[in-house]
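Work through the exercises below with the sequence and the model side by side, and try each task before reading its solution.

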Amino acid sequence: MELQRIHHVAIIASDYERSKAFYTEVLGLPVIAENYRAERCSYKLDLALPDGGQIELFSFPEPPARLSRPEAAGLRHLAFSVADVGEAAAELRGRGVAVEEVRVDEYTGKRFVFFADPDGLPLELYEV
């Protein structure tokens, strides 16, 4: 078996409309498809990433909260590559998103910054 790349990342939103607006309007991800699954009382929104990958955004009735602080075992964060971290962070701040201070990766010397989606899921911008 040879893994080629990540196909998609699935995210469950506590407020579907709020998260849909964040990922499509704030982050600018285009919608591939949106489906309502009546048998599960759930939406599934497929969003396109520039490299061909996808984010699947789901809604479910009353999902439990995600533990992130202190950090729990499991997926820690989702990182997106950008050409200029400072510029991207400023754009997010301009859209009302709380963004941490830009840091430098001690091993690669690359700049990165963290912010969160509406449910507190840690997201990272990493300069390439």
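Two strands are said to pair if DSSP finds at least two bridges between them, where strands (E, at least two residues) and helices (H or I, at least four residues) are DSSP runs, numbered from the N terminus. This is a predicted model, in which local features need pLDDT of at least 70 and side-chain atom pairs count only at pLDDT 80 or more, while totals for chains, interfaces and linings use all residues. Residues are numbered from 1 along each chain as its sequence is written, and side-chain values use heavy atoms, with hydrogens and water left out.

**Exercise 1.** Determine in which sense E7 and E8 pair.

Solution. Begin with strand E7 (residues 111–116) and strand E8 (residues 122–127), which are joined by five bridges in the antiparallel sense. Next, locate Phe115, whose bridge partner in E8 is Leu123, and then Ala116, which stands opposite Pro122 in E8. Finally, look at the hairpin of these strands, where five residues lie between them and Gly120 takes a positive phi near 85°.

**Exercise 2.** Find the sense in which E5 and E8 pair.

Solution. Here five bridges link E5 and E8 in the parallel sense, and Phe80 has Leu125 in E8 as its bridge partner.

**Exercise 3.** Work out the strand order of the open sheet, and explain which strands stand at the edges.

Solution. The four strands follow the order E5-E8-E7-E6, with mixed pairing. Strand E5 (78–82) and strand E6 (103–104) each have a single partner strand, so one side of each is left without a neighbour in the sheet.
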